[in-house]
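Work through the exercises below with the model open. Try each task before reading its solution.

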Amino acid sequence: MADGSTTQPRMKIGVVGAGFGRGLAAAAARTGNDVCVFTRRELAPVEGADGSPLTLSTTSNYDAVGGCDLVFLAVPSEYTQPVMRELGEYLDGRHLVVHVSRGLVGDELDTVCEVIKRETSVRRVGALAGPLASSVLVDGNPGGAIVGTDFPEVAEAVREAIGSERLRIYETDDRVGVEVGSALTGMLLFALGYAQGIGFGPSTVGVLASRGVSEVARIAELLGGRDETLSGLACLGDLVSAVAGDARPEMELGRSMAQGLSREDALAKVGTHVESTAVAKRICRYAERMNVELPITNAITRVLEGQLSSAEAVKQLMGRRVNRE
Amino acid sequence: LPSPKLLLRRRLQIPQFRKTPISPDDPRIFDFNAERELIIGEVVSRVFHGYAEAGVALDYILNETAHHEARRLESQKDEETGARLDGWQKILRKVSKMSEAERVEALRGIIERYTRDVAGNFDPRVYRFSKSIVPPFVGATMRPRSLTKMITEPGTAELTRVLRSDGDPNLARSLVQAGTVVFVPTHSSNLDSLAVGEQLVRENLPPAVYGAGKNLFSNPIVSFFMHNLGAYRVDRRIRAPLYKQVLKTYAAVMLERGYHMLFFPGGTRSRSNMIDSRLKLGLAGTAVEAYARSLIRGRPRRIFFVPITINYELVLEAETLVADFLKDQGKARYIIEDDEFSRLDRWYSFFTSLASHEGACVVRFGEALDPFGNPVDAAGRSLAPNGREIDPASYILQRGQPRLDPRRDAGYTRELGRRLAESYRRETVVMTTQLVAHVLFRRLVEVTPGQDLFARMRRRGEAGYSRAQMLEQIGATRDRLLRLVREGEVQVSSTLRTESPEQTLERAMQALKYHGRPVINLEDGQVTAEDPALLFYYQNRLVPWADRLAAPEQMAAAREIHAMEGSG
């Protein structure tokens with residue numbers, strides 16, 4: 001129920017990080033927004049709405065980002081703190097900041113939004129998550145995503161920035177649920193890849209996926225989110241998209257380790273940053289402190305640490321007493 | 001003739017024969033009575049137009065309100081039922097046949113009646129009187145024989161010793177000059193409002209307007225002061241959304257007019273004695289709106305929140321509160337009217353137990369926040385995490401324009417709530433009884449692994465230590481606590497910090513005698529947990545740090561306790 005005039009000036013959009021950020025910048029530029037990408041390298045042009053090449057403007061100064069209304073933060077979660085500490089100098093209460101990181105920070109499992117709020121004076125934050133592959137953003141293939149935020153205007157701004165007839169942006173006020181789902185879907189994908197790698201069929205994948213989502217929902221609740229959010233785009237939707245063939249490095253990592261590669265070798269083979277598997281061990285430690293049982297996360301951690309062979313992992317998970325779903 | 005009970009609930013006011021002189025240096029609230037009618041008018045108009053602008057049909061509001069009220073009065077069955085039930089039933093029967101003009105008149109009438117019931121009264125004479133008399137008066141309940149001395153020599157009361165101030169009240173003193181201050185204390189006891197009120201006087205802070213539950217008026221002494229010191233009345237039995245809207249609007253109008261306020265974000269008293277974490281921030285939410293309106297009008301007036309923790313060695317109503325917490329969910333009472341607070345004999349016993357205990361109640365002032373959760377300095381400037389000054393107006397700008405937006409403000413208020421909850425943890429002052437209770441309760445959990453709370457409540461006299469072991473545990477647990485204090489995670493009372501484990505145990509046992517039933521037993525060199533419910537209650541203040549207060553071999557028990565966080 002905002003009052004005042006309905007015509008609003010065009011939004012200025014800043015994007016920090018040029019990996020996944022390039023896709024966000026492309027989608028935002030294609031819808032006619034004024035976009036600026038913070039990066040120290042040159043960006044290849046993207047395809048505009050009319051098919052012609054579109055050059056994205058870049059900057060290596062944070063003060064240029066401070067001049068934007070909406071800022072997308074597309075850096076790995078472990079860099080959130082240093083980046084926001086520096087960028088925070090140029091931000092205040094009028095900025096909207098939305099991140100796409102897939103991680104939880106530190107031993108207390110802070111969400112990236114919490115870190116942004118701790119390091120800056122920005123309050124209107126949100127997390128963009130779901131099956132949002134680069135192809136959807138860069139090439140304009142049909143797709144959807146979800147914004148978790150306490151502030152409706154943040155979701156509206158994201159919709160205005162990158163939403164279109166082909167890209168549906170949903171919203172929820174369960175920001176924590178979205179952030180936990182986004183951070184832990186990768187961990188479940190590792191488990192699914194691992195299960196496939198040791199030769200299990202679709203039935204096992206189905207059981208592991210659904211029990212995994214249910215476990216992630218418990219973690220989300222522990223951290224202040226709502227369990228139903230995990231059955232949506234932020235976790236289940238993302239998971240289905242990856243299993244359906246959206247090449248995600250976490251699954252490849254799982255398959256490679258199931259075939260006997262060490263974690264280091266498997267990571268080298270995947271050749272990209274895999275954020276969400278690093279969080280498994282910290283989740284286990286946190287859950288132990290909170291007296292909560294997480295069998296799947298526990299098994300994943302031990303496999304990743306090389307403490308559990310594939311046979312032992314199967315035995316540990318399948319040998320548990322069966323309860324009500 | 002009205003019953004004596006009803007008389008007590010009436011607004012007892014002293015007749016005013018001539019205008020009380022008010023000087024320009026007097027606090028803002030001294031103007032309240034002169035503005036009272038204006039405030040009521042503004043609240044009525046704003047609530048009414050709020051519905052009209054939102055396009056809500058008036059017959060819907062009338063129906064909803066009358067339905068809630070008729071249901072309440074039917075179950076209440078008291079004097080109010082006789083006086084009012086017919087009126088509400090009449091509205092229910094007639095609303096569909098009313099003309100629009102009649103609906104407008106009926107709704108405005110209801111809003112005005114609610115507002116008049118809520119709006120307080122401030123009598124500067126009672127305030128000046130209470131400044132010198134309240135402490136001795138309450139003190140007198142500790143030692144009735146010294147009552148004469150108290151009245152003839154104000155300021156010599158025991159309360160001076162029992163109550164202690166901590167934290168940074170100087171910041172609050174600066175902020176009342178720079179804008180409007182909202183004091184937000186934790187809530188354990190009905191004595192909280194007295195303790196904070198007294199502390200504001202001692203720290204030379206102006207009185208604050210606060211919403212007092214109607215049940216507080218059950219104590220005649222408190223009732224008199226509440227009626228005359230600006231308290232507005234909150235009847236928690238009224239569930240109609242219209243009434244809640246009146247309360248929120250009243251708070252917003254008072255804030256906009258620059259009245260300092262006080263309210264308890266915990267809502268009701270903490271039943272479990274865990275640190276308030278699930279905060280009800282409806283009234284805090286009005287601060288963003290009040291600030292935004294002042295900005296849109298071009299006369300920005302800043303608003304600051306000052307968190308306060310109230311820390312007791314003993315809680316007057318502990319037995320009733322914990323019993324209520326331990327009832328099956330759903331049976332717990334939202335409003336308790338017959339607890340220790342309404343019994344003067346328990347007041348006497350309570351203060352007697354604390355008479356020799358200096359600093360048995362510590363009121364600690366935390367760091368102030370703006371409505372968006374940013375820290376503020378003494379000049380009232382909002383600060384970013386790196387200490388840079390930021391403009392709070394930036395939070396209500398949308399594409400460069402200040403806007404009113406209740407959904408956005410709800411987001412800010414949630415964030416403020418999170419920051420207040422963090423502040424409450426950091427500013428909690430751990431008291432002697434709490435630490436001793438924690439050591440014994442942890443022992444109980446250790447010897448009953450995996451059992452549920454209710455099973456443990458039945459294990460009277462079963463868990464404990466030899467006296468020597470108990471002292472060792474107290475010493476070791478206190479040392480770990482002091483480490484957390486050094487890390488800035490929590491505070492500790494000066495007695496707990498300085499006394500030996502022997503003195504600590506002795507002090508706790510002495511204080512807990514107030515409860516009239518053995519809580520901790522010391523016999524034949526054995527210390528045992530006699531009353532698991534009260535031990536649970538007092539130790540609950542330490543739940544957030546349970547795992548960091550335990551030795552490695554106690555970790556399983558400590559984690560079970562730590563996992564209770566958020567359940568209170």
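## Exercise 1: A salt bridge within a helix

Glu415(B) and Arg418(B) form a salt bridge, with the closest N and O atoms 3.1 Å apart. The term means a side-chain nitrogen of Lys or Arg within 4 Å of a carboxyl oxygen of Asp or Glu.

This is a predicted model: local features need pLDDT of at least 70, side-chain atom pairs count only at pLDDT 80 or more, and totals for chains, interfaces and linings use all residues. Residues are numbered from 1 along each chain as its sequence is written, chains are lettered from A and ligands numbered from 1 in the order in which they are written, and side-chain values use heavy atoms, leaving out hydrogens and water.

Task: state how Glu415(B) and Arg418(B) are separated in helix α16 of chain B, and classify the accessibility of Glu415(B) and of Arg418(B).

Solution. 
- Step 1. The two residues are 3 residues apart in α16 of chain B, so about one helical turn separates them. Helices here are DSSP runs (H or I, at least four residues) and strands are DSSP runs (E, at least two), both numbered from the N terminus.
- Step 2. Apply the classes: buried is under 20% relative accessible area, exposed is over 50%, and partly exposed is in between (1.4 Å probe, protein chains only).
- Step 3. Glu415(B) has a relative accessible area of 4%, so Glu415(B) is buried.
- Step 4. Arg418(B) has 28%, so Arg418(B) is partly exposed.

## Exercise 2: Across the interface

Task: find the salt-bridge partner of Glu415(B) in chain A, then describe the contact between chain B and chain A.

Solution. 
- Step 1. Glu415(B) forms a salt bridge with Lys117(A); the closest N and O atoms are 2.4 Å apart.
- Step 2. Across the interface of chain B and chain A, the rule finds 5 salt bridges.
- Step 3. It also finds 18 residue pairs in polar contact there, both residues at pLDDT 80 or more. A polar contact is a pair of N or O atoms within 3.5 Å; within protein, one must be able to donate a hydrogen and the other to accept it, and residues adjacent in sequence count only if both atoms are side-chain atoms.
- Step 4. On the chain B side, β10 (397–398), α16 (406–427) and α23 (555–562) are the elements that give two or more residues. α16(B) gives the most, with 9 residues.
- Step 5. Chain B brings 31 residues to the contact and chain A 33 residues. Contact means heavy atoms within 4.5 Å.
- Step 6. The area buried between the chains is about 2,900 Å², with 45% from carbon and sulfur atoms. Buried area is the accessible area (1.4 Å probe) that two parts lose on being put together, summed over both.
- Step 7. Arg399(B), Arg403(B) and Arg559(B) supply 25% of the area that chain B buries against chain A, more than any other three residues.

## Exercise 3: Strand β7 of chain A

Task: name the strands that pair with β7(A), and sort the side chains of β7(A) by direction.

Solution. 
- Step 1. Two strands pair if DSSP finds at least two bridges between them.
- Step 2. β6 (residues 70–73) of chain A pairs with β7(A) in the parallel sense over 4 bridges. Here Phe72(A) has Val98(A) as its bridge partner.
- Step 3. β10 (residues 124–129) of chain A runs parallel to β7(A), also joined by 4 bridges. Val97(A) is partnered by Val125(A).
- Step 4. Leu96(A) and Val98(A) point one way, Val97(A) and His99(A) the other, and all are buried.
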